[in-house]
Amino acid sequence: MSNQKTELSDLGEFGLIKHLTNKIELQNESSIKGVGDDCAVLNYPNKRVVVTTDMLTEGIHFNLMYVPLKHLGYKSIAVNLSDVYAMNATPKQVTVSIALSSKFSLEAIEQLYQGIHLACQHYGVDLVGGDTTSSLTGLTISVTAIGEVDEDKVVYRCGAKPTNLLCVSGDLGGAYMGLQLLERENEVFKVDPNMKPQFKEYDYLLERQLKPEPRRDVIKMLADNNVCPTSMIDISDGLSSEILHLCEESSVGCRLYEDKIPYHPNTQDLAQEMNINPIVAALNGGEDYELLFTVDIKDYERIKNNPLITVLGHITEAQEGANLVTAGMGKFIPLEAQGWNPMMNKIEE
Ligand SMILES: [Mg+2]
C-alpha cells in the first residue's frame, strides 16, 4: 500500500461522499433509490420493517492503536446487522454517518469504507445514504440498518414462556478475551515499541473481537428446520445482561446451567493464562454477537445436536427468578446485570 496522504479538505464534503459511494450498485429489490437524492427510497410491500441504530466513538468503543480501520468499518456494519437478525429479520439497507477530525486522511477513510463495503457485500445489504461531518477530535461512526420480515415471523424479546428452552449460538467470552489480549500487547508496545506482539495461537480470539460475524447462518438454520424462536436477543453486553432482558420483557424466570455454557478452547486457554474465570468473560464480557433465544420444548427434536447452537437451560415462572445453576454443587446464584461498560474497558464490579 502506498503511503500517500490526501487531505480531506482537498475534496470537500460532497467530493468525499461521491468518492466513497460512486461504485455502489444497489442489489436489493426493496432499494428503489440509494445515495444521490435528499432521501433514499425503499419499497416494502406486505412486510414488517425493522430499524436499528448504533453509534461507535473513538476512545470509548474502539482504540485505533490496535483496531485497523478496515476492521472497524466491517464491525460497525456487523453489529447493526446482528440486531436485525435478532428480530428474525433480513437486513437490506444501511446508512452510515461519520464525524472525522483532520488527523484522518482520505486514504484512512478509504480503508474504513473498504470494511464497510465488504460487510455490505457479504451480507447482501445496500448502503443507501448517510452523512459526513467534521469533529474536533477523533472518529465517530453511526450506522442505521433496515431489514424486513414477514408479519408472523417477527421475534421480540417478550415472547418467552415457562418450559421454553434457552438456547445460544456459537461460543461465548471469546471477544472479551480477544480484547484483553489486544490491551495487554498494547501496554507492552507502549513500553517498548520494538516489541513484536505475542498473539501466538490466539487468532480466533482476535477475530472475535475485531471482526465479529452476525449469525445469519443461525437464522437460516432455524427457518430451514421450521423452528421459530419464541423470543430472541443478540449478545452485545454479555450473556447475563441479555438473559435478564429476555426474562424481564417476557415476565419469566430462568435456569441457566453453568456447565452448558459453550467456550472455544482458545477462550479457556487464554483465560487460564491471564487468570480470568472464563465464566466471567461469558456472563459479563460482551461483544460476542451471538444469538440468545428461546424455543418451545416441542421443537427440541428439531434443534438437538445442532452444531450451531447449545441449549443452556430453560425458562421458569417469574417468581423463581433468573438463576445460574453452578456445575458440581448445583447451587442457584441469581444472575446480575453487570454487563459491559466500554468506557471503563473492563467488567463492572
Ligand atoms: Mg441487540
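**Sheet architecture of the predicted model**

An open sheet is formed by 4 strands, which follow the order β3-β6-β4-β5 with mixed pairing. At its edges lie β3 (48–57) and β5 (126–134), each of which pairs on one side only. From one strand to the next, the twist averages 15°. The model is predicted: local features need pLDDT of at least 70, side-chain atom pairs count only at pLDDT 80 or more, and totals for chains, interfaces and linings use all residues. Residues are numbered from 1 along each chain as its sequence is written. Strands (E, at least two residues) and helices (H or I, at least four) are DSSP runs numbered from the N terminus, and two strands pair if DSSP finds at least two bridges between them.

Within this sheet, strand β4 (residues 90–100) runs antiparallel to strand β6 (residues 140–149), and 9 bridges join them. Ala 99 stands opposite Thr 140 in β6. Helix α2 (residues 69–85) packs on the sheet and touches β3, β4 and β6; its direction makes about 35° with that of β6. Helix α3 (residues 106–123) lies across β4 and β5 and runs at about 170° to β4. Contact requires C-beta atoms, placed from the backbone, within 7 Å; axes are lines fitted to C-alpha atoms, for helices over the stretch in contact, with angles from 0 to 180 degrees between N-to-C directions.

Strand β8 (residues 231–234) pairs with strand β10 (residues 291–295) in the antiparallel sense over 4 bridges. Asp 234 stands opposite Leu 291 in β10. Asp 234 and Met 232 point one way from β8, Ser 231 and Ile 233 the other, and all are buried (20 or more other C-beta atoms, placed from the backbone, within 10 Å of the residue's own).

Conventions:
A residue is buried if 20 or more other C-beta atoms lie within 10 Å of its own, exposed if 12 or fewer, and partly exposed in between; C-beta atoms are placed from the backbone. Two residues are in contact if their C-beta atoms, placed from the backbone, lie within 7 Å.
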